[in-house]
Amino acid sequence: MKKRLDVLICGGGACISSQSREFKEALLAAIGEKGLAAEINVVETGCMGPCELGPVMVVYPDGSFYINLKVKDAARIVDEHFLKGRPVNDLLWLAPEARKIVEQKKQVPFFEKQKKIVLSNCGRIDPENIEEYIGQRGYEALGTVLTTMKPAEVALAVEKSGLRGRGGAGFPTGLKWKLALQNPGDRKYIICNADEGDPGAFMDRAVLEGDPHTVIEGMAIAGYAIGANKGYVYVRAEYPLAIARLEVAIRQAREMGMLGKRIFETDFEFDIEMRMGAGAFVCGEETALIASVEGKRGQPRPKPPFPAQRGLWNRPTVINNVETLATVRHIFNNGVEWFASIGTEKSKGTKVFALSGKVVNSGLVEVPMGITLGELVFDIGGGIPDGKAFKAVQTGGPSGGCIPAKFLNSPIDYESLKALGSIMGSGGLIVLDEDSCMVNMAKYFLEFSLEESCGQCAPCRIGLKHMHSLLEKITSGQGTMEDLDKLESLANTVRSTSLCGLGQAAPNPVISTLKYFRHEYIEHIQRKKCSPGVCAALYNAPCENSCPANVDAAAYISYMGDGKLMEAYFKHMEHNPFPIVCARVCPAFCEKKCARGKYDERVAIREVKRLFADWAIEQGMGFTPPKKPRKERVAIVGAGPAGLSCAFYLTRMGYLPVVFESLPVAGGMMKVGIPDYRLPKDKLEAEISVIQGAGVEIRLNSPVSSIDSLFEQGFKAVFVGTGAHQAMPLDIEGSDLPGVVSGIDFLRQVNLGQGFDVGNDVVVVGGGSTAMDAARTAKRLGAHNVRIVYRRTRNEMPAQLDEVVDAEDEGIEMDFLANPLNIVETGGKVSGIRCIKTELADFDDSGRRRPVPVAGSEYRIRANLVIPCLGQKLSLGLTGGKLNLDRRGCIAVDERTGATNVPGVFAGGDAICPSTVIESVAQGRLAAVQIDRYLGYDGKLFERERKPVLVAYDEEAYLKPLPRLKPHLERAETRISRMALEVNRGFSLTEAMEEARRCLHCDRNQPPRPESAVESAPRIEAML
Amino acid sequence: MRKEMNTQEILQRHGKGADELLGLLHELQDAHERHYLPPESLGAAAEHMGLPASEVYGVASFYTMFSLKPRGRYIVRVCQSPPCHLLGSTDVSRELVKELGVQLGETTADGMFTLEMSSCLGVCGVAPAMMINDEVYGNLTVARIGEIIDEKRSAT
Amino acid sequence: MKLEELRAIREKSEKEMALRDGKSRIRVVVGMGTSGIAAGARETLKALLDEVAKRELRDVVVSQAGERGLSSHEPVVSVFEEGKPTVVYGSVSAELARRIVAEHLVNGNPVSGSVIEINS
């Protein structure tokens, strides 16, 4: 006879060893006990497969698959599943996909580091059903307080818990209640401040919408503590849903007897009414709020008297913020000690933050006080999107300030934030990345305060207006250094003389940015530049603005859209004489800011450039030397990118400069540092020939003994571009062994054609471009095993992403989060390297996480050659003790002119600060202009009014999602076999033109926009 | 949108204490199909509360959400908070200006829409956002703005 | 109201929340705060109700709540099921809502790729 259920228990060896027999016995016993033996057929089967999950069991007809069964589970399965027909879910096997999700998501730190107290019900219970609230211990605290405590005890308990006001200032809540209780008055009031006005903060709304009863309960407890029978909720009219839900909640609370007379059958009577604001930010200030509740204009008045003495209708009044009141019941439900155990010494409990801005996970988070800013932004917030760099957080809205990267390890509590020049405020926390302009940010918040000033007192009304116009001046490039001083002193005046808290705090955004980001103000004033590309008056297009040499990519890309290669080339040469080199090795700062990326993908500017650069060389494009050269002679030391750029631009101003190079080849690091497969020899030589053709004399094998000797030879000015060719040492045991050679020494030897026996096992230490070059070169020289050891993760590698990807494709292995300990020696030779695993801990000053060793994680890698690539430094000698050095040991220059402390001597490139080719080009060009001025001329170089380049092709056709074109690469197997084979084969002309046409022409005043691209559209004038 | 009621009904719902003034003005304004407080409304409120008309006017003119001149049937408020600004509220305003053919603070000729700004609508997680009367719209795109406005146009 | 009465309500409510009385097997909660609604939670809720009704799933209760916090992932839908971790979905469009009903509620397989939180 067919039974109701067929139960198959695995009798395979593995399951038996995990006690499937014992389970079976228990199951049969339970079945017997429930009298189900006649209905259920229990069978022992052969092995069912997933032995690691045993014992396993399948129940038919529904096919429920149980795993990891224990004897104690038997009764439950019989009771729930066999008897009541409900499979026991926690013992069931989930499909692998489902399991994976469960396991993965548990690891997400967004939830792990949060502690939900205030928000515990939000998103879980139905806010319009009081019973669901009661199901979460709702109104239990009120009942306990009313039936077992005296008012003074309630205030004292809250005082002891350490709860402080969550609305901004952080005044101890219990103390506030105590004062109001002690102050005489025939009537007293409790007001809930739900006038959440700080832009960027919305936790009060979320609580009122998601858990309104928790606020009602908090108000009733507060009312009892101070002796008030009436409470008001003052809520913004902008929150209609919160108002509606609160209305429902108040009604249900009255019906249930939680509001009204004789609450919990005591003599306590309490009721709540709602009052709506009407769009005045100043009403968040407590005296203004009281005026508004009374039905008057919401203007603040001086304190004292404080509201706890004379508040609403001159009666003692306590004003608490929504979050504060929502916390109260938890203190009584879980105990004062419990609450006081969360947080820091002076800031107890949790705080809700509204995380927004440039952060992956935005929204409301609730964390214990004392969590660090870094944990909040990077662990919970998930870090900065698009691989951009963190710049600052703005806390406290228009009354708060900005906190820069070097304070990411600071705990978040009232005192710490105040010490940093910001405030907790209501908990708005806006994350700013490298694209944010701090001057503009300060201006934005000041504008806000200015608009919201109630106008009652002069410092706030007039002072803010003046401050704003000074900021207008600075952000439009008209500011002076005196304006900066004026701004600062005005800010301090407004702070100390305004009537209410809002006026006093309004200058905070300016004061804090002046403190931490003064250099950005100075850049706006002195260089008329806004590096992040925010202040519209100060730049033409994001690509051009972000290029260190201000190469006009917007213009040459426009030319390329119409196939005008020659125009594109000469436009490029106005700012950078190395288009061939930069098309291959530049980090392409321009592309990182390309506005198209916010729509679909960034324009491949660098690859487009490569096409016209190569074409121009093939066509023999070039420049002629000056016809009537200037009589002054200028010497350049070093034929690297800085020196040759300086020399080239000097020819454009009429000089015939002489370049002294100590090596037998020209090009500096471009020649000896970059391998042929990235930058072919002949291409580099061709580019240098163009510079020579323009009137530059290069003397190879000509070391310069001293700068004085150059002046003695009759040179009137000198540019020092000697580079930094000395490697930073790997300072560990065994690093002096043969078989340990630095990346730059290794690459120099190979690039000069001297060959290198790399052996079979090579370990490269470091994560920059030099490390990638060294590893890939070693691979090409025949090493079988090439491994890179880097102390951080792939995301933090300073090398460009395409280099990392190419290296991985070529079979180079990478050990991330590892640091070398010592070189292992066998018979006087390198035989390996011992490393230790690291993990990322707290943050360094630049906002990057510091790698720290993991105890006991040492391991060894076999190696016959170890190549440390840890950066390089200047080799001194030439400076002869005359040139001042900075604290890094580089030549110190005035950033605005490139001038050293010695008159007539200028410097640039790696000699002043290790940098990229394009930065060296910019410094060389700047020095050329300054040398011309130094020699008594006007320093004019390609100066003319800029006009956007108009295009002939049909632009509309490109305003739809179009993927970025990818250049053609040689196959990895082919390229590792030939050192000189260029990996990247670039675009065809058609491809380059198509790609160029994706340009959005941000340099025009009214850029055409692709349809439906708001969230992604170019934000040229955007604030952040 | 709260139910339309006539002035008398609204007045009767409110007590005579001055603290009810803001709520009363909100309701009177919402009940007016042009979303504003004409002199009659202010006068009626003053009389009901027993306050001088000048005081009621003073209060109404202080708060930005009260309007003393006629507005559209739909008040479109664009959020200007930093998160919205960051995620493209400038484009939202530009598109609305284009779509409605009015500048900020103005009302369309047909009396249908008024375009305004709000310092923060408090929905930063779904920025950029706007509010039309009591309804909030988040994650806006240019295409959606057109759809939403068309929907409102055809609803009336 | 006395404290004991409050406790009785609490127990009753707790039972309902924990779905122990056998009336409903799964509780599906849609975040209907302003952020959720602004991101389209009404459409999501409609789709859920419609799909549950169409399939005549008597053991599924669909209800509303405020917002959980992760507003950049609104609309948010949480699935509470006895004895299983709570699964929270983010960015739930009407189509995804229908898939959740079909794949998760009916067949017990959470829809991969859209889960933003698991709570045990």
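Reply: The bend at a residue is the angle between two fitted axes, one for the seven residues ending there and one for the seven starting there. Please note that this is a predicted model.

Me: Where is the kink in H4(C) centred?

Reply: The kink in H4(C) is centred on C:Ile100 and amounts to about 30°. Helix H4 of chain C covers residues 94-106, and its span of 17 Å from first C-alpha to last is close to the expected 18 Å.

Me: Which residues of H4(C) are buried?

Reply: They are C:Ala97, C:Ile100, C:Val101, C:His104 and C:Leu105. These buried residues pack against helix H3 (41-54) and strands E1 (26-31), E2 (60-65), E3 (77-81) and E4 (86-89) of chain C.

Me: Changing topic: how many residues of chain C are in contact with chain A?

Reply: 36 residues of chain C contact 42 residues of chain A. On the chain C side, H1(C) gives the largest share, 7 residues. By class, that side has 13 nonpolar, 14 polar and 9 charged residues.

Me: What is the strand order in the open sheet of chain A?

Reply: The order is E2-E1-E3-E4, with 4 strands and mixed pairing. Strands E2 (40-45) and E4 (64-66) of chain A are the edges, each pairing on one side only.

Me: In which sense do E3 and E4 of chain A pair?

Reply: They pair in the antiparallel sense, over 3 bridges. A:Met57 has A:Tyr66 in E4(A) as its bridge partner.

Terms used:
Residues numbered from 1 in each chain as written. Chains lettered and ligands numbered in written order. Predicted model: local features only at pLDDT ≥ 70, side-chain atom pairs only at ≥ 80, totals over all residues. Helix = DSSP H or I, 4+ residues; strand = E, 2+ residues; numbered from the N terminus. Expected span 1.5 Å × (residues − 1). Buried ≥ 20, exposed ≤ 12 C-beta atoms within 10 Å, placed from the backbone. Contact = placed C-beta atoms within 7 Å. Nonpolar A, V, L, I, M, F, W, Y, C, P; charged D, E, K, R; others polar. Pairing = 2+ DSSP bridges.
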